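Let's take a walk through this structure together, one piece at a time. Have the sequence and the 3D view open as you read.

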Amino acid sequence: MTQVRKYINSEHVPTVPPLSHAVCFGELAFVSGQVGIDHNNQVPEHFSEEVENAFTALEHVLAAAGSSLDQLVKVNCYLSNIAYRDELNELYMQRFPEPRPARTTVEVGLAHGLRFEIDAIATRGPE
Amino acid sequence: MTQVRKYINSEHVPTVPPLSHAVCFGELAFVSGQVGIDHNNQVPEHFSEEVENAFTALEHVLAAAGSSLDQLVKVNCYLSNIAYRDELNELYMQRFPEPRPARTTVEVGLAHGLRFEIDAIATRGPE
Amino acid sequence: MTQVRKYINSEHVPTVPPLSHAVCFGELAFVSGQVGIDHNNQVPEHFSEEVENAFTALEHVLAAAGSSLDQLVKVNCYLSNIAYRDELNELYMQRFPEPRPARTTVEVGLAHGLRFEIDAIATRGPE
């Protein structure tokens with residue numbers, strides 16, 4: 001029997017018209033780039049708050065997809081300045097349990113003055 | 001029975017030696033970055049034409065892989081300037097049917113004066 | 001029966017706390033960004049040496065995941081300067097056998113003065 005795509009949007013994360021928060025297919029969930037804007041749609045003053053918000057958004061989307069931070073397979077981290085990498089790694093290791101997913105981290109240009117964005121592929125379902 | 005990889009090249013898109021246009025595995029197709037050069041291998045003057053050409057190239061590759069724009073799971077959009085994002089979104093929403101795939105959009109450096117590139121993961125086969 | 005994630009680290013590649021070298025799920029392996037630092041953790045003087053080192057690191061991780069360079073499905077190449085693309089392509093085509101995987105290549109900022117990084121999705125297991 002052919003599997004079907006499931007389109008996921010978390011009620012806890014702002015929706016944007018051009019994309020679904022995640023799309024599931026079989027046991028995999030493909031998550032859109034999540035960012036750390038606050039409840040007023042502003043970029044927080046502190047990098048750490050922005051990153052934590054983005055992690056929380058990722059967590060919400062994974063939950064809506066039947067997944068979680070400990071079911072991540074591959075993560076991409078996008079920084080507006082690669083110099084943030086050490087601070088990112090500290091925050092990341094506190095929040096993402098071992099064993100950790102595969103990851104690639106690069107410096108790119110982000111919209112709206114954002115300093116951080118994260119997308120991911122995860123497994124889903126009971127373990 | 002182990003699944004096999006299928007290497008796909010569309011006859012409607014210029015082939016380049018270092019890569020296949022897409023590789024299929026099971027019900028998934030992984031598509032190379034598609035760009036919007038015209039029939040003379042030039043970058044169009046207008047951003048909108050470049051983007052539409054890239055969407056058409058993506059459509060051709062998906063078709064050759066037994067997939068289509070409405071079977072996309074995850075899309076990555078690469079812009080040479082993130083300021084193009086709003087214009088991209090307008091063009092994107094006209095061309096990509098709802099429900100839309102997961103997406104990440106970042107600003108990077110592209111070759112040959114290109115302003116846009118898009119790659120994707122899609123499902124394939126009859127639905 | 002639900003599949004399980006397998007976390008892979010190659011003994012031939014430096015481990016870093018925030019990530020696993022690869023995570024396998026079913027017949028797929030998702031590989032972290034691999035770089036071309038030498039045995040003294042330095043970036044080689046010559047671009048070609050840096051690229052070859054990164055390819056070797058990728059090969060080691062794929063081997064640890066039960067995969068290989070000829071089982072790649074999708075590759076992402078990251079260059080600190082897109083002008084390196086032609087030189088990358090020459091090295092790439094010597095090392096990666098046909099038929100070649102899908103690929104996307106973009107210019108981004110990389111850490112520590114690196115000029116090249118590569119991540120990948122591959123199939124695994126006997127063929």
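Before we look at how the chains touch, one term: two residues are in contact if their C-beta atoms, placed from the backbone, lie within 7 Å. What you see is a predicted model, where local features need pLDDT of at least 70, side-chain atom pairs count only at pLDDT 80 or more, and totals for chains, interfaces and linings use all residues. Residues are numbered from 1 along each chain as its sequence is written, while chains are lettered from A and ligands numbered from 1 in the order in which they are written.

Start where chain A meets chain B: 21 residues of chain A are in contact with 21 residues of chain B. On the chain A side, the elements giving two or more residues are strand S1 (5-8), strand S2 (22-25) and strand S3 (28-35). Helices (H or I, at least four residues) and strands (E, at least two) are DSSP runs, numbered from the N terminus. S3(A) gives the most to this side, with four residues. By class, the side of chain A that touches chain B has 13 nonpolar, six polar and two charged residues. Here Ala, Val, Leu, Ile, Met, Phe, Trp, Tyr, Cys and Pro count as nonpolar, Asp, Glu, Lys and Arg as charged, and the others, Gly among them, as polar.

Now hop over to chain C, which puts 22 residues into its contact with 21 residues of chain B. S5(C) gives the most to the side of chain C that touches chain B, with six residues. That side has ten nonpolar, five polar and seven charged residues.

How are the chains arranged? Two copies of a chain are related by a rotation about an axis and a shift along it. Chain A can be laid on chain B with an RMSD of 0.0 Å by a turn of 120° and a shift of 0.0 Å along the axis, and that is the relation of a three-fold axis. The copies are superposed by least squares on the C-alpha atoms of residues with pLDDT of at least 70 in both. Of the residues of chain A, A:Val108 comes closest to the rotation axis, at 3.3 Å (C-alpha). Only 5% of the interface residues of chain A are also interface residues in chain B, so the copies meet through different surfaces.

Next, step inside chain A. Two strands pair if DSSP finds at least two bridges between them. Strand S4 (residues 72-79) and strand S6 (residues 116-123) of chain A pair in the antiparallel sense over seven bridges. For instance, A:Lys74 has A:Ile121 in S6(A) as its bridge partner.

Finally, the helices. Axes are lines fitted to C-alpha atoms, for helices over the stretch in contact, and angles run from 0 to 180 degrees between N-to-C directions. Helix H1 (residues 47-64) and helix H2 (residues 85-95) of chain A pack at an angle of about 40°, with their axes 10 Å apart. That makes H1(A) oblique to H2(A); angles under 35 degrees count as roughly parallel, over 145 as roughly antiparallel, 65 to 115 as roughly perpendicular and the rest as oblique. Among the residues making the contact are A:Phe47 and A:Phe55 of H1(A) and A:Leu88 and A:Leu91 of H2(A).
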